[in-house]
Amino acid sequence: MSKIRLTPLFFRRVHKWIGLILGLQFLLWAVSGSVMALLDKDKVGGHGAGMSHSHPLPAGDYASLAALPRGETVQGVVLRDLGARPVYEVHSAKGVRLVDATTGEDMLVDQDMAREIASMMNDAPIRAVSVMAKPNLEARDFKGPMWRVDFDDAENSSAYVSLDTARFLVMRGDTWRTWDFFWMLHNMDYVNRKSFNHPLIIIVAFGVFWMAGTGFYLLFKSFSRADFRWLRRRRKPVVTRSAT
Amino acid sequence: MAIRWPLLVRRTHKWLALVVGVQALLWTLTGLYMVAVHIDIIHGDNLVRTPAVQSFDLSRLSQPSQVVAAAPGTSEVRLQRFLDVPVWRAETPEGPRLFDARTAQPISKPTEAQIAALARRIYTGDGKIVSIRLLTTAPQEMQSRKPPFWQVEFEGWNRPTLYLSPATGELISRRHALWRVFDFAWMLHIMDYDERTDVNNPLLRVVTWSTFAMALMGAWLLIWSFPRRKRKKA
């Protein structure tokens, strides 16, 4: 075999071959990036917490703190409001227990409560409510069992409410679902759609970087003065050096 | 005259590439950085210690209702620790405030020395604290977060910096050189050179679709780029 010489022809070949092997992914990156840039980020939503409302806690007496533990070692306590009624979250190694702060009784996050909490975030009528033992793809940023409340609105919105803490987790709609499909094409994590630090994408990104790099270099080799003659023709005739 | 497709497609590819070439190169370069350095490292997870889980003896503590009475409008009261002292953290309309959980008395805002001690506890590295400052305006790297906050910078090549709340001494954010590079790469990637957050800006929309067209023309060119027969000898 002859020695590799760094000629434009060599770079053109590299560009061509990487294009053949990885070009499809570059195309997918371009189209998914384009679509994500088009989708209104406010409609996609779902990024960052702090979406839920919070009401001031009513003054007055609450169930005694000392009565909260039921034999477990308490690792944390939160007093908060839940649809204008105060509740305690009791954190322990076993998880989170919800206690009505007025009566001191344990609370269950049932379907009615899930509906009530979800309705605070969306005025549309509820179409269906289901319970999930594990988060699905749409609620993958959260942990634990949760309620899914589907709304009858234009976006086909679904609200997710934690079964342990009754906290509103996230709202997902059709714009987000479209966005998420293209985000999957972009991050190449076809199973979990979450990681963009896996070996496949690193290898492909490395290859595509060389395709772009050689392509950029070839720009300088592919254009001649003749290509820009149309620009010059429009200018006022000025005295130029003769093109000998 | 019949259209000479290979020539037309090649010209389109070339001219589009002339327009978007720099950005396409930047996309692959910044993209490569963002996929190669793990996001947990970027987030600085290795810089901070997760606080050890400790139990509370609830029978010795004050009632959170006392905190609600002392700070009307409080929406949440949370039991946590401030330098080993159990405290109630109240989310008040004026921002978070701390109360001693044993007495329900308000705790004064942490001093600079206490902030240093807290930062030392959180930080996993061995480096010394280089500077502690109470900032009243947000630097670019704190994005939309509202000042004031304590900025504690540690010694080290990556200039690790912790941001703590002046009201509660809690960790708000952590920054370091790799995060700052990532943020810069992200800015180049989404072409929002101002706020670094708008992924819908018109410039990005035009250049992404142009790049898509350029890539499509490139893919089309592949058809003629691998001749099946040997070229005729000249």
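Me: What should I know about the numbering and the model before we start?
Reply: Residues are numbered from 1 along each chain as its sequence is written, while chains are lettered from A and ligands numbered from 1 in the order in which they are written. This is a predicted model, where local features need pLDDT of at least 70, side-chain atom pairs count only at pLDDT 80 or more, and totals for chains, interfaces and linings use all residues.

Me: What pLDDT does chain B average?
Reply: pLDDT is the predictor's confidence in each residue, from 0 to 100. Chain B averages 94, and 97% of the residues score at least 70. The model scores ipTM 0.90 and pTM 0.90.

Me: What makes B:Met191 count as buried or exposed?
Reply: Count the C-beta atoms, which are placed from the backbone. A residue is buried if 20 or more other C-beta atoms lie within 10 Å of its own, exposed if 12 or fewer, and partly exposed in between. B:Met191 has 21 such neighbours inside 10 Å, so B:Met191 counts as buried. This residue is found in the loop between α5 (177–190) and α6 of chain B. B:Met191 also has a positive phi of about 55°, although it is not a glycine.

Me: Why does A:Arg193 count as partly exposed?
Reply: A:Arg193 has 18 C-beta neighbours inside 10 Å, so it counts as partly exposed. Its place is the loop between α4 (174–187) and α5 (199–222) of chain A. Phi of A:Arg193 is near 60°, a positive value in a residue other than glycine.

Me: How do you know what counts as a helix or a strand?
Reply: Both are DSSP runs, numbered from the N terminus. A helix is H or I with at least four residues, and a strand is E with at least two.

Me: What makes two strands a pair, as with β2 and β3 of chain A?
Reply: Two strands pair if DSSP finds at least two bridges between them. Strand β2 (residues 85–92) of chain A and β3(A) have six bridges, in the antiparallel sense. A:Val87 stands opposite A:Asp100 in β3(A).

Me: How do you know that β1 of chain A pairs with β1(B)?
Reply: Strand β1 (residues 74–82) of chain A and β1(B) have three bridges and pair in the antiparallel sense. In β1(B), B:Val77 is the bridge partner of A:Leu79.

Me: In what order do the strands of the six-stranded sheet run?
Reply: The order is β3(A)-β2(A)-β1(A)-β1(B)-β2(B)-β3(B), in an open sheet with antiparallel pairing. β3 (95–100) of chain A and β3 (95–100) of chain B stand at the edges. Each has a single partner strand, so one side of each is left without a neighbour in the sheet.

Me: Why is strand β5 of chain A called mostly covered?
Reply: Strand β5 (residues 146–151) of chain A has six residues, and five of them are buried. β5(A) pairs with strand β4 (residues 126–132) of chain A over six bridges, in the antiparallel sense. There A:Val131 stands opposite A:Trp147. β5(A) also pairs with strand β6 (residues 158–162) of chain A, antiparallel over five bridges. There A:Asp150 stands opposite A:Ser158. The hairpin of β5(A) and β6(A) has six residues between the strands, and A:Asn156 in that hairpin takes a positive phi near 55°.

Me: What makes B:Gln63 a contact of A:Tyr62?
Reply: Two residues are in contact if their C-beta atoms, placed from the backbone, lie within 7 Å. B:Gln63 touches A:Tyr62, A:Ser64 and A:Leu65, not counting residues up to four places away in sequence. B:Gln63 lies in the loop between α2 (39–42) and α3 of chain B. With 19 C-beta neighbours inside 10 Å, B:Gln63 counts as partly exposed.

Me: How do you know which peptide bond near B:Pro148 is cis?
Reply: The bond from B:Pro147 to B:Pro148 is cis, with omega near 5°. B:Pro148 lies in the loop between β4 (129–135) and β5 (149–154) of chain B.
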